[in-house]
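User: Can you walk me through this structure? I'd like to start with its pockets, then move on to the rings.
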Amino acid sequence: MKLFYPTFNSTGEKNPYRYGKVKQINQKKAQKLAKKDILKFNIIPGVLTVPFHIHSIGIMFSTLHTIIWDFFLIQFNRKLHLNKIPIKNVDHPLDKKVPFEPERVDVYLSFIHFWISPLAMLIKRYGPWNGTKICREFLHYLKLAYKEAARMYKQSLTTTRRPKYTKTGPFKTIHMFDPHYCCVPSLHIAIICLVYSFYRMIFERENFSQEEKLNWNQRLYTHAVDIADTVLYIKQHSVNCIPAALYMMTTIAPEFFTKEDALQFTDDLFTRNSTVPSEDAQQIRNHITNTFNNFYTEGQKLKDKTEWTKPIVEWLSSYVPCAE
């Protein structure tokens, strides 16, 4: 898997949510921390610090408010018929080529831990005063992802056919708290791409050690790919949900997630621990690439880039889902 390391300027022009500069730590501490798995930092200090620190308390609760109102309540209000947003099925024949593998659910659910662990690393590495400055920056992007995805959801909710499988606790939780109406774009995909690409940028901008960059970039990227695979293995999304999320990310965070990133990420799907036949996997990757390219090309024609949802809305209006 190839990792991209784009060059970032240091003037702040491409860092809209940057909040001051952080104090550099000594190399001895950096070398010691570099040996630790970035996804295994103790999250308790971060959980106890970020929501209550002066640097991050405001954006933390603003982000939670957005997640509740612009993701969960949109779906539950529709389920309870409190709004009339149309729901469109987006299943595709290629979805059937991915076997249902419920044993992968733990990887799928590691999505939350995936974005919290790096925040804990920042608190450990820099201490609360400096660490929360970067945590604050990440939370602005997290809020942005939910807010922008909701612009699509408020126009059209989307769903897929998922198995009525509730034999285990994790699946009972998923079916209880996820009405499954916010599929396009997939926030699961958008946020895992946000995590690995945001920290790739931070590691460069804040002069992390070469060992930290090597170990942590690879770890975040490969786990992001693993999580992306599981959205199809456990039937939480269709192949149509992924390109919309990648396109959204190139639009809302072009300073660190590019078209090249989206294409590379797609090329790496179903290349790790895959049970999908290679020919089928390639068909899936081709479909995601082609759909993404169509969205991206149409998006580039827009005079107002904030109207990025238009290519997806137009696609949805004529899309005919596959039969059961």
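Predicted model: local features only at pLDDT ≥ 70, side-chain atom pairs only at ≥ 80, totals over all residues.

User: How much space lies in the largest pocket?
Analyst: About 780 Å³. Its lining has 32 residues.

User: Which residues are the closest to its centre?
Analyst: Phe 71, Phe 72, Phe 111, Ile 112 and Tyr 146.

User: And which elements give two or more residues to the lining?
Analyst: Helix 2 (43-49), helix 3 (57-79), helix 4 (105-109), helix 5 (111-126), helix 6 (128-153), helix 7 (169-177) and helix 8 (187-205).

User: How does the lining divide into nonpolar, polar and charged?
Analyst: There are 24 nonpolar residues, seven polar and one charged.

User: OK, rings now. How many aromatic pairs are in the whole structure?
Analyst: A search finds 29. Take Phe 198 and Phe 256, an edge-to-face pair. Their centres are 5.9 Å apart, with 75 degrees between the planes.

User: Where do those two sit in the chain?
Analyst: Phe 198 is in helix 8, and Phe 256 is in the loop between helix 10 (241-252) and helix 11 (259-267). They are 58 residues apart, so this pair links distant parts of the chain.

User: Are Phe 198 and Phe 256 buried or exposed?
Analyst: Both are buried.

User: Why does Tyr 233 count as buried?
Analyst: Its relative accessibility is 0%, and buried means under 20%. Phe 270 is buried as well, with a relative accessible area of 6%.

User: Which rings are linked into a cluster?
Analyst: Ring pairs link Tyr 17, Phe 41, Trp 115, Tyr 126, Phe 138, Tyr 141, Phe 198, Tyr 199, Phe 203, Phe 208, Trp 216 and Phe 256.

User: Last topic: charges. What sits over the ring of Tyr 233?
Analyst: The charged end of Arg 104, 3.7 Å from the ring centre.

User: And which residue lies over the face of Tyr 19?
Analyst: Arg 136, at 3.7 Å from the ring centre.

Definitions and conventions: Residues numbered from 1 in each chain as written. Heavy atoms only, no water. 1 Å grid on protein atoms, 1.4 Å probe; cavity = no way out; pocket = protein on both sides within 12 Å on 5 of 7 lines; lining within 4 Å. Points joined across faces, edges and corners; volume = space filled by probe spheres on them. Helix = DSSP H or I, 4+ residues; strand = E, 2+ residues; numbered from the N terminus. Nonpolar A, V, L, I, M, F, W, Y, C, P; charged D, E, K, R; others polar. Phe/Tyr/Trp six-rings, centres within 6.5 Å; stacked < 30°, edge-to-face > 60°. Buried < 20%, exposed > 50% of the residue type's maximum accessible area, 1.4 Å probe, protein only. Lys NZ or Arg CZ within 6 Å of the ring centre and 35° of its normal.
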